[in-house]
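Student: I am new to this structure and would like to learn how to read it. Could you take me through its features in turn?

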Amino acid sequence: MKVCRVVLSLGLAALAACPAIAGTDDQKKEQVVAKQPTQDGFRVCNLTGQPVEVAKATYSARRTANEAFVAEGWYQFEPGQCRVLWAGKLQYRYYLLHAQNKQAGREWKGDIPVCVGREPFALKSGVCRSDQYQRLFLQIDTNDSENWAYDLRP
């Protein structure tokens with residue numbers, strides 16, 4: 001009986017000390033990685049099956065009128081890809097998004113006009129310059145949550 005306990009203890013100790021291996025002998029064995037907790041922030045996922053580009057913006061009434069928006073884009077999302085656009089615990093209740101698939105002529109838009117650029121951009125103004133134009137952004141109410149996920153669907 002003592003021998004069985006010693007063997008069992010050694011076997012459990014060996015399992016605890018070694019990483020788990022997935023696969024069979026004729027498959028490439030890979031280390032099993034524990035699933036990491038969801039990262040804090042505002043995450044966007046592209047569930048459309050097609051590439052999508054996304055612009056983001058925040059609005060603060062504490063800024064002056066001509067600097068009301070802070071906008072950035074264009075983030076490229078492949079089909080099935082998720083990305084955190086605002087990392088860390090969310091600071092605002094409302095976040096703004098505009099997404100588009102130019103090939104399919106599809107937009108995810110709302111009714112809030114925000115200046116954007118044709119190329120990747122970072123803007124801190126509510127007034128468009130000559131090389132910018134407006135897009136209508138969705139306003140997403142996070143209900144003062146610390147984390148949020150938004151899915152772009154077909």
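**Aromatic pairs**

Tutor: This is a predicted model. Start with the aromatic rings: the count comes to 5 aromatic pairs, with ring centres within 6.5 Å as the rule.

Student: How are the rings of tyrosine 92 and tyrosine 95 arranged, and why is the pair given that name?

Tutor: The general idea is to look at the angle between the planes, where over 60 degrees counts as edge-to-face. The centres of tyrosine 92 and tyrosine 95 are 5.9 Å apart and their planes stand at 65°, so this pair is edge-to-face.

Student: Is tyrosine 95 buried or exposed?

Tutor: Under 20% relative accessible area is buried. Tyrosine 95 has 2% relative accessibility and therefore counts as buried. Tyrosine 92, in contrast, is partly exposed, with a relative accessible area of 22%.

Student: Which residues do ring pairs link into a cluster?

Tutor: The cluster consists of Phe42, Trp86, Tyr92 and Tyr95.

Student: Which rings have an arginine over them?

Tutor: Here one looks for a charged end above the face of a ring. Arginine 83 lies over the face of phenylalanine 77, at 4.9 Å from the ring centre. The charged end of arginine 106 is placed over the ring of tryptophan 108, 4.2 Å from its centre.

**Strands and sheets**

Student: How many helices and strands are in the protein chain?

Tutor: The protein chain has 1 helix and 12 strands. Along the sequence, the pattern is α-β-β-β-β-β-β-β-β-β-β-β-β.

Student: How should I read the pairing of strand 5?

Tutor: Take each partner strand in turn and note the direction and the bridges. Strand 5 (residues 69–77) runs antiparallel to strand 4 (residues 52–59), and 7 bridges join them. Opposite valine 54 stands tyrosine 75 in strand 5. With strand 10 (residues 121–123), strand 5 pairs in the antiparallel sense over 3 bridges. Glycine 73 has phenylalanine 121 in strand 10 as its bridge partner.

Student: What joins glycine 73 and tryptophan 74?

Tutor: A cis peptide bond joins them, with omega about -10°. Tryptophan 74 belongs to strand 5.

Student: What is the order of the open sheet of 3 strands, and which strands stand at its edges?

Tutor: The order is 6-3-12, with mixed pairing. Strand 6 and strand 12 (148–152) each have a single partner strand, so one side of each is left without a neighbour in the sheet. Neighbouring strands of this sheet are turned by 20° against each other on average, direction ignored.

Student: In what sense do strand 3 and strand 12 run?

Tutor: Strand 3 and strand 12 run parallel and are joined by 5 bridges. Valine 44 has tyrosine 150 in strand 12 as its bridge partner.

**Cores**

Student: Why look for groups of buried nonpolar residues?

Tutor: In soluble globular proteins, nonpolar side chains tend to be buried together. In this model, 29% of the 154 residues of the protein chain count as buried. The largest nonpolar core has 15 residues, of which Phe42, Val44, Val54, Leu85, Trp86, Leu97 and Leu152 touch the most other members. The elements giving two or more residues to this core are strand 3 (41–46), strand 4, strand 6 (82–87), strand 7 (94–101) and strand 11 (132–141). Strand 7 provides the largest share of this core, 3 residues. Apart from this core lies another, of 14 residues, among them Leu96, Val114, Phe121 and Phe137.

Student: Which residues does leucine 152 touch?

Tutor: Not counting residues up to four places away in sequence, leucine 152 touches Val44, Cys45, Asn46, Leu47, Thr48, Val52, Val54, Ala99 and Trp108.

Student: What share of the contacts with a separation of 6 or more comes from residues 24 or more positions apart?

Tutor: For the protein chain, that share is 68%.

**A loop with positive phi**

Student: Where are asparagine 143 and aspartate 144 found?

Tutor: Asparagine 143 is in the loop between strand 11 and strand 12, and aspartate 144 lies in the loop between strand 11 and strand 12 as well. Asparagine 143 has phi near 55°, a positive value in a residue other than glycine. For aspartate 144, phi is near 60°, also a positive value in a residue other than glycine.

Student: What is the relative accessible area of asparagine 143 and of aspartate 144?

Tutor: Asparagine 143 has 48% and is partly exposed, whereas aspartate 144 has 54% and is exposed.

How values were computed
Residues numbered from 1 in each chain as written. Predicted model: local features only at pLDDT ≥ 70, side-chain atom pairs only at ≥ 80, totals over all residues. Heavy atoms only, no water. Phe/Tyr/Trp six-rings, centres within 6.5 Å; stacked < 30°, edge-to-face > 60°. Buried < 20%, exposed > 50% of the residue type's maximum accessible area, 1.4 Å probe, protein only. Lys NZ or Arg CZ within 6 Å of the ring centre and 35° of its normal. Pairing = 2+ DSSP bridges. Helix = DSSP H or I, 4+ residues; strand = E, 2+ residues; numbered from the N terminus. Core = buried A, V, L, I, M, F, W, Y, C linked by side-chain atoms within 4.5 Å. Contact = heavy atoms within 4.5 Å. Axes fitted to C-alpha atoms, helices over the stretch in contact; angles between N-to-C directions.
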